[in-house]
Amino acid sequence: MIKLRIALFTFILLLVFGCTQNVDEKDNSNSYSKLIKPTLVVLGTAQDAGFPQIGCIKSCCADLWDDPERHKMVSSLGLIDPSSGKTWIFDASPDFKRQTKILSDLAGNKSVLMPDGIFLTHGHMGHYTGLMHLGREAHNSSNVAVFAMPKMHNYLKKNGPWSQLVNLENIAIQPLAHDSTIEISQKINVTPLLVPHRGEYTETVGYRIEGPTNKALFIPDIDKWNLWDRDIIEEIRKVDYAFVDATFYQNGEVGNRDMSEIPHPFVEESLKLFVQLPDKEKSKIYLIHFNHTNPLLNSSSKAYQQVMDLGFHIAEEGLQLEL
């Protein structure tokens, strides 16, 4: 009887631990821990307020409220370096909570780890407010590196509630300088590039991200291409992927607002500028940062098909590109 009980107990232990091991193996098989090269992943594509947008009952949003699978997260890129096991996020969006989970899963982590660094583009709602999740009310993080330009740095340090994150050492601000490259791992460099955009509180930057094989450009917000002191065509030539501002498809798209107060390069303007590029250059371009009114959010729209037919890409959540 004693031997029978021991055998039964041993069988139960093996069963329990065997099941646990199988779950772990299944989790690992669903991760991207087998990545070989540094990889960019698109974590969100919508403008600051997401899709659908608050209060919107227009045709662009009306059918989405009860269909969360069709919702779009706010514009953000993730970066994974499999050789070091480190991850970074470009912009801390309002969807930061979900996006950090996705990024951590893709990196093969068994628990949700915060990114090793957060690169902020500017002080508008969709690009930094996700930092709130690092505070004592939520994750209560310890010294998460936040890379910021001088005005952005000063804004976070001197204005609550963000200053509390600094004072409690939830975040550790890492200073950036325009056109000054920093090495974030042995194989990856990042360079901030100032761009003209509404600067109520901070300056705005885009980023050039360089891996061992490929380079990417990330400019989710800019007023107009012709206002930049750089040639966007030349900047595209320097990289292999270019994620560019596509907030509005055309003028008059937001019928109840003066669009001169929210300047962006209309997609129609960008298409005219980029359409003469060789196919190789056009194939580098990924449109991103779509307002809820933008027809490019609808894959069955004529505008979506036109962009694809011209040889450009429309950024989609989950897209992975090797650097």
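Predicted model: local features only at pLDDT ≥ 70, side-chain atom pairs only at ≥ 80, totals over all residues.
Started with helix 4 (residues 150–158), which lies across strand 5 (144–148) and strand 6. I get an angle of about 130 degrees between helix 4 and strand 5.

I find an open sheet of seven strands, in the order 6-5-4-3-2-1-14, and the pairing is mixed. Which strands sit at the edges? They are strand 6 (171–175) and strand 14 (320–322), each with pairing on one side only. On average, neighbouring strands here are turned by 25 degrees against each other, direction ignored.

I then checked the strand 14 end. Strand 1 (residues 39–44) pairs with strand 14 in the antiparallel sense, over three bridges. For a landmark I noted Val41, which stands opposite Gln320 in strand 14.

Helix 2 (residues 96–106) also lies across strands, namely strand 1, strand 2 (76–81), strand 3 (86–90) and strand 4 (117–119). I have helix 2 running at about 150 degrees to strand 3.

Moved on to helix 7 (residues 267–274). Which of its residues are buried? I listed Val267, Ser270, Leu271 and Phe274. Seen down the axis of helix 7, the buried residues fall within an arc of 100 degrees, so they line one face of the helix.

As a reminder, most residues other than glycine have a negative phi, and most peptide bonds are trans.

- I found a cis peptide bond between Gly160 and Pro161, with omega about 0 degrees. Pro161 belongs to the loop between helix 4 and helix 5 (162–167).
- Asn140 is not a glycine, yet its phi is positive, about 55 degrees. I place Asn140 in the loop between helix 3 (125–128) and strand 5.
- Asp179 is not a glycine either, and its phi is positive at about 60 degrees. I place Asp179 in the loop between strand 6 and strand 7 (182–185). With 39% relative accessibility, Asp179 counts as partly exposed.

Key:
Residues numbered from 1 in each chain as written. Heavy atoms only, no water. Pairing = 2+ DSSP bridges. Helix = DSSP H or I, 4+ residues; strand = E, 2+ residues; numbered from the N terminus. Axes fitted to C-alpha atoms, helices over the stretch in contact; angles between N-to-C directions. Contact = heavy atoms within 4.5 Å. Buried < 20%, exposed > 50% of the residue type's maximum accessible area, 1.4 Å probe, protein only. Arc of directions from axis to C-beta.
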